Amino acid sequence: MIRLRHELRLLLRSKVSAAALVLLMVLSLVSVWAGLTATARQNAIIDRVAVAQGRDLAAVAKQYGKPDGEAGYAAYYTFHLTSDRPSSLAFAALGQRDIQPYVLRVRALGLQAQLYETETVNPELALPGPFDFAFVLIYLAPLAVIVLMHDLVSGEREAGRLRLLSALPAAPGALWLQRSALRLALVLLALLAPFWAGAVVAQAPVAGVATLCLVAVLYVAFWTGLGLVVGAWGRRSAFNAAALVGCWIVLVLLVPALGNAVLSRAVPVGRGVDLTLAQREAVHHAWDIPREAIMDPFVAKHPEWKGTPPVGGSFHWKWYYAMHEMGDDSVAGQVAAYRASLATRQAWTERLGWLSPAAGAQSLVHRIADSDLPAHLAYQDSITAFHRRLRDFYYPYLFNERFFQRADFDRLPVYAPRAPSESTPVVPLLALLVLTAAAWAGAAANACRTRG
């Protein structure tokens, strides 16, 4: 314990090291505060939209909930609120939540034309990503490790104390491993202390907090081990710092960027708005073709409505809603291909963790925070299931030509929020474990060979 206090005093006596730790804690604190503010703002927006939705529904019910009301008008003018509230750990990693919609009002019309109509993101604004705890962990924490580790051995050599330290009666390399462990602990304390406070404020589950802390420990430990490997080469401090910064540029910036570029060419993904346009074109084309071209495939899909009154006159609501459903069916293949491409790209992005611990750690923290691409796709799946319930609710009124009255508005389906995912990607976690173990194995081997 005395030796540990002495090592701590020596470390904090360095103004650069102390400043790096303080700056890391401040940045971590600011990022946690920014994340909590962002999630609180998203919850407030959802609450505000819910209040406006209640007023809108009451107005529609007053207007169209009459004794002889038509279900077609009620279904057309009634919007139904869906929302995806941030998880209690979303403050740590906002992920897709800053660019994807988390509130969507849908009608019983064509779904694909509604799912992606808000998919308009300025790529220049989305490129940097949000400033959250994940950003500090992935991009800034390694820099703090570099500041503390680049002169671990070379600083003693340049001060003329390395031969004396090497002659101490201790196991080979034990001193450097202990000093590295101390620096690792200090970086983790500066990084995680604000996160723990934020987790308490957000009432985050213990299991999720522990898992995210494990990812942070492994990621920072990788950089600490790498720092000891480079520091034990016997070069000067300036060279060590340059080498470690080069490793940071390659592993944190270049490899993920090149990996994404390769994935973009190898696994092209279209735009959701293209599905919207394709669905709308199918619906618009339906106005120019015989009604049998719509009703025959619709009845084949829904034989329960085969014996209902025929479509007559210049316009009929049952034809109109059948037309929208057939419009969705016309792009079903494109939707499946679009989602399959996203799933494939997500899988390869997770495998990128074998080449870059930064990519692996980022995939992990976003999954733990339930704010990644699979979480957004799960939200869309919940909207799809709810939209199916809407059609099942309205169709008996439409096809049996029943009146839609005021009491029927009280029986409208209510959206049930999706259940948050509790899974952890195995591939990036295993990759991070292996890379960290390899870094510390190399650190131990190099530390044992360090000589004055």
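The model is predicted, so local features are used only at pLDDT of at least 70 and side-chain atom pairs only at pLDDT 80 or more, while totals for chains, interfaces and linings use all residues. Residues are numbered from 1 along each chain as its sequence is written, and side-chain values use heavy atoms, without hydrogens and water.

**Exercise 1.** Find how far helix α10 reaches and how enclosed it is.

*Solution.* Start with the naming: helices are DSSP runs of H or I with at least four residues, strands are runs of E with at least two, and both are numbered from the N terminus. Helix α10 covers residues 206-231, which is 26 residues. From first C-alpha to last, α10 spans 37 Å, close to the 38 Å expected at 1.5 Å a residue; the expected span is 1.5 Å times one less than the number of residues. Next, apply the burial classes: buried is under 20% relative accessible area, exposed is over 50%, and partly exposed lies in between (1.4 Å probe, protein chains only). Because 20 of its 26 residues are buried, α10 is largely enclosed by the rest of the structure.

**Exercise 2.** Describe the surroundings of R97.

*Solution.* First locate R97: the loop between β1 (80-83) and β2 (103-106) holds this residue. Its relative accessibility is 7%, so R97 is buried. Then list its contacts (heavy atoms within 4.5 Å). Leaving out residues up to four places away in sequence, R97 touches Q42, D84, R85, P86, A90, Y102 and S371. With Q42, the side chain of R97 makes a polar contact of 2.8 Å. Such a contact is a pair of N or O atoms within 3.5 Å; within protein, one must be able to donate a hydrogen and the other to accept it, and residues adjacent in sequence count only if both atoms are side-chain atoms.

**Exercise 3.** Classify the ring pair F222 and W223.

*Solution.* Rings of Phe, Tyr and Trp (its six-membered ring) pair if their centres lie within 6.5 Å; planes under 30 degrees apart are stacked, over 60 edge-to-face, and the rest tilted. The whole structure has 33 aromatic pairs. For F222 and W223, the centres are 5.5 Å apart and the planes stand at 85 degrees, so this pair is edge-to-face. F222 is buried at 8% relative accessibility, and W223 is buried at 2%.
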